[in-house]
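Work through these exercises with the structure open beside you. Try each task before you read its solution.

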Amino acid sequence: MWDAWWTRDQGRVLSAAQERTLREQDVGEDGPGTVLRDFNALLSFIEEERGIRVTDKLRLLPLRALPEINARMVHPLRLGLQRPQQKSFPHIHGLYLLARASGLTRVREDGERPRLVVDEEVHRVWTDLNPTERYCTLLETWLLRAKPEMIGERKRGSFLALETSSDCLTFLNR
C-alpha cells in the first residue's frame with residue numbers, strides 16, 4: 001500500500017522507519033484517537049432519530065441536538081455558552097463535515113424542512129469495513145473530498161482542507 005507514496009523527483013516520501021511505524025500502527029475502534037468511536041456515535045444519533053432536521057440555508061445540525069451529540073462523544077466539551085452554535089463544538093463540526101463529505105449521510109428535501117439521514121446502502125458498505133479501512137476512509141475523505149463550504153464555512157484558505165493528492169504529498173514532504 002505504501003509503495004504508492006512516490007514523487008517524480010524525490011523518490012520515496014516515507015523513510016523506512018516511517019513506513020515501519022505505519023505498518024505497525026494498530027487501528028481499532030479505540031485508536032488511534034477517538035474519531036471512529038465519535039463518528040459512529042454521530043451516525044447512531046442520526047439513525048435513532050430517523051433523520052434529523054437541519055437548518056434551511058446552511059444545512060447545519062439543529063442547536064437542540066448539539067448537547068446530546070456532545071454527550072455521546074468520548075471526550076465531550078464543557079461549554080459555558082448560553083446558545084452555542086455547531087462550530088462551538090469543533091469535534092462535532094468536523095465529524096459533521098466527514099459525514100456529509102463521505103456520502104454516509106445526505107440531506108433529504110422531501111418534507112417541510114430538510115432532514116439529514118443516513119444513506120442505508122452506503123452505511124451497509126461502511127459496516128462491512130474493518131477499523132483500519134474505516135479510519136483510512138475518513139482520512140481520505142478529510143484530505144481529498146471535504147470542503148469547508150459543505151458545512152457553511154468560507155471558501156478554504158491555504159491552511160485549511162487540502163484539495164488534491166498533490167497538495168497532500170507536498171504537505172507531507174514539508
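**Exercise 1. Among contacts between residues at least 6 apart in sequence, find what share joins residues at least 24 apart.**

Step 1. Keep the contacts between residues at least 6 apart in sequence.
Step 2. Of these, 52% join residues at least 24 apart.

Some ground rules apply throughout. The model is predicted, so local features need pLDDT of at least 70, side-chain atom pairs count only at pLDDT 80 or more, and totals for chains, interfaces and linings use all residues. Residues are numbered from 1 along each chain as its sequence is written, and side-chain values use heavy atoms, with hydrogens and water left out.

**Exercise 2. Say where confidence is lowest and where it is highest.**

Step 1. Take the average: the protein has a pLDDT of 84.
Step 2. Strand β1 (residues 6-7) is lowest, with a mean of 40. Helix α5 (residues 120-128) is highest, at 97.
Step 3. Check the start of the chain. Over residues 1-9, pLDDT stays under 50. The model has 19 contacts beyond four places in sequence for this stretch.

**Exercise 3. Count the helices and strands, then give their order.**

Step 1. Know the rule: helices (H or I, at least four residues) and strands (E, at least two) are DSSP runs, numbered from the N terminus.
Step 2. Count: there are seven helices and five strands.
Step 3. Read along the sequence: β-β-α-α-β-α-α-β-β-α-α-α.

**Exercise 4. Find what share of the 174 residues is buried.**

Step 1. Set the classes: buried means under 20% relative accessible area, exposed over 50%, and partly exposed in between (1.4 Å probe, protein chains only).
Step 2. Apply them: 34% of the 174 residues are buried.
Step 3. Accessible areas come from the Shrake-Rupley method with a 1.4 Å probe; for residues, only the protein chains shown count as cover. The protein exposes about 11,200 Å². Carbon and sulfur atoms supply 50% of that area.

**Exercise 5. Describe the geometry of the aromatic pair F39 and W126.**

Step 1. Recall the criteria. Rings of Phe, Tyr and Trp (its six-membered ring) pair if their centres lie within 6.5 Å; planes under 30 degrees apart count as stacked, over 60 as edge-to-face and the rest as tilted.
Step 2. Search the whole structure: one aromatic pair turns up.
Step 3. Describe it. F39 and W126 lie 5.5 Å apart, centre to centre, with 65 degrees between the planes. The pair is edge-to-face.
Step 4. F39 is in helix α2 (residues 35-48) and W126 in helix α5, 87 residues apart. The pair links distant parts of the chain.
Step 5. Check burial: F39 and W126 are both buried.

**Exercise 6. Locate R50 and R59, and give the phi of each.**

Step 1. Start from the background: most residues other than glycine have a negative phi.
Step 2. Take R50. Its phi is positive, about 55 degrees. R50 sits in the loop between α2 and β3 (52-53). R50 is exposed, at 71% relative accessible area.
Step 3. Take R59. Its phi is also positive, near 60 degrees. R59 lies in the loop between β3 and α3.

Notes:
pLDDT = per-residue confidence, 0-100. Contact = heavy atoms within 4.5 Å.
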